[in-house]
Amino acid sequence: MPSASSATTNLIPSVIAKHRDALLDDWVREQLGASSRSGSIKESDLRRQCAEFLKLLREASDGGDPSNLDGDRWQSLKEMLGNISRTRGAQGFTPTETATFVFSLKKPLFTRLLRELGGNAEAVAEETWKATEILDALGLYTTEVFQKARDSLIARQQEEMLELSTPVVKVWDGILALPMIGTLDSTRTQVVMETLLQSIVETGSQIAIIDITGVPTVDTLIAQHLLKTVSAAKLMGADCIISGIRPQIAQTIVHLGIDLGSVTTRATLADALKEGLRRLGTELRALPGREA
Amino acid sequence: MEHIPILRMGAFLLVTIQVDMHDQLAMTLQDDLTERIRKTGARGVLIDISSVDVVDSFIGRMLAGIATMSRLLNAETVVVGMQPAVAITLVELGLPLQGICTALDVERGMDKLRAAIARA
């Protein structure tokens, strides 16, 4: 197949070479007309990008196998498209608008191909097909890059959320509180465990309160994670108190047969704090004469 | 042969592990420590592992073993200063060292030992 495609006249490079300026003009006009967002990109920038694309496309398609865009030959063109896709994505372009950058080349290019080949209908069809193949693949590639950029953005935000959602608060000298919010999965519990243990070392706190008021459900896996955290804290010499167990969760825990017997539990954070203070040998009392 | 120093402080024995524990060293420590408890009649053993950042199941078992042996010889054991990574590893290994007494640092460990002896 490669010998056949290179043997038959691949007209794209020669057409681009021959009609470069006219192609560029038509293409830029096409995009400025089609895209409502083109206002956010300067015409000079667009022209520069288009010119570079045409140059790279000519180099890449010259003798290249149009059916295989994975080759080294296409690398620089794909890199350039990737950059365009990423910057446009960041500017708020939709994937369609970004892909249109490539697809809008079709009309000017096909017009030139038709003119070049004159009445030879068969050759026109074949060249058009080849060009379509290449441009479609490149257009889809921009969408793919767009998608990947989005995915990495989501992954980064998830990571940030993970850190934001596990604050360790010092509520008293020697008492740390960890209010947990949202569902717990193993990655999150791992982060929670590490942050808590690290804070215990840093502050030298003897009591750690894990408050699960903001946790919607507790299943066996989550309970096991909690128990592991408690055991690890115990190994380091700190006591853990689990607080904020809502009535439904207490019922679920019993129905599931989870044994939290070895862990100190309290209904509310206030009770847990009171228990923590008691263990530290501290007591809160109203000032004389100021009892409510 | 390599030994981990065992210091005597009144009725207590103080062991600070500052090197990577390998199995032979752990066995030697077990021998030395039980021997010293018998000889000195110590009432408490404090093991500081704050500079240890790698443990395996053998070392974990050895720590639990030392605690049980000391109790047989009428001495309480407190393990102090365990690093978070070490604690997580032990828990993941399924060795939560039930029954072993722990403290955050040497000072609190000493307090715990004194309290335990006062109770006895």
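## Ground rules

Residues are numbered from 1 along each chain as its sequence is written, while chains are lettered from A and ligands numbered from 1 in the order in which they are written. Because the model is predicted, local features need pLDDT of at least 70 and side-chain atom pairs count only at pLDDT 80 or more, while totals for chains, interfaces and linings use all residues.

## Chain A at a glance

Chain A has 11 helices and five strands; helices (H or I, at least four residues) and strands (E, at least two) are DSSP runs, numbered from the N terminus. Among contacts in chain A with a separation of 6 or more, 73% join residues 24 or more positions apart; a contact here means C-beta atoms, placed from the backbone, within 7 Å.

Strand S1 (residues 169-172) and strand S2 (residues 175-181) of chain A run antiparallel and are joined by three bridges; strands pair if DSSP finds at least two bridges between them. Val169(A) has Ala177(A) as its bridge partner in S2(A). Two residues lie between the strands of this hairpin, where Gly174(A) takes a positive phi near 90°. Further along, Ala267(A) sits in the loop between strand S5 (264-265) and helix H11 (269-280) of chain A, and it counts as partly exposed because it has 14 C-beta neighbours inside 10 Å.

## The sheet and helices of chain B

Chain B holds an open sheet of five strands in the order S1-S2-S3-S4-S5, with mixed pairing. Strand S1 (6-9) and S5 of chain B are the edge strands, each pairing on one side only. Inside the sheet, strand S2 (residues 12-16) and strand S3 (residues 44-48) of chain B pair in the parallel sense over five bridges, and Leu13(B) has Val45(B) as its bridge partner in S3(B).

Now to a helix pair: the axes of H1 (residues 23-40) and H2 (residues 57-72) of chain B come within 10 Å and cross at roughly 10°. Axes are lines fitted to C-alpha atoms, for helices over the stretch in contact, with angles from 0 to 180 degrees between N-to-C directions. H1(B) and H2(B) are therefore roughly parallel to each other (angles under 35 degrees; over 145 is roughly antiparallel, 65 to 115 roughly perpendicular and the rest oblique). Their contact includes Leu33(B) and Ile37(B) of H1(B) and Ile59(B) and Met62(B) of H2(B).

## Where the chains meet

The contact between the chains takes 14 residues from chain B and 15 residues from chain A. On the side of chain B, helix H3 (84-92) and strand S5 (101-103) each give two or more residues, and H3(B) gives the most, with five residues.

## Nonpolar cores

A nonpolar core is a set of buried Ala, Val, Leu, Ile, Met, Phe, Trp, Tyr and Cys residues joined through C-beta atoms within 7 Å. The largest has 67 residues, and those with the most contacts inside it include Ala208(A), Ala233(A) and Ala87(B). Helix H9 (residues 220-236) of chain A gives the most to this core, with eight residues. Leaving aside neighbours within four places in sequence, Ala233(A) is in contact with residues including Leu196(A), Ile200(A) and Cys240(A). Another core of 24 residues lies apart from it, with Leu11(A) and Val102(A) among them.

Note on methods. Two residues are in contact if their C-beta atoms, placed from the backbone, lie within 7 Å. A residue is buried if 20 or more other C-beta atoms lie within 10 Å of its own, exposed if 12 or fewer, and partly exposed in between; C-beta atoms are placed from the backbone.
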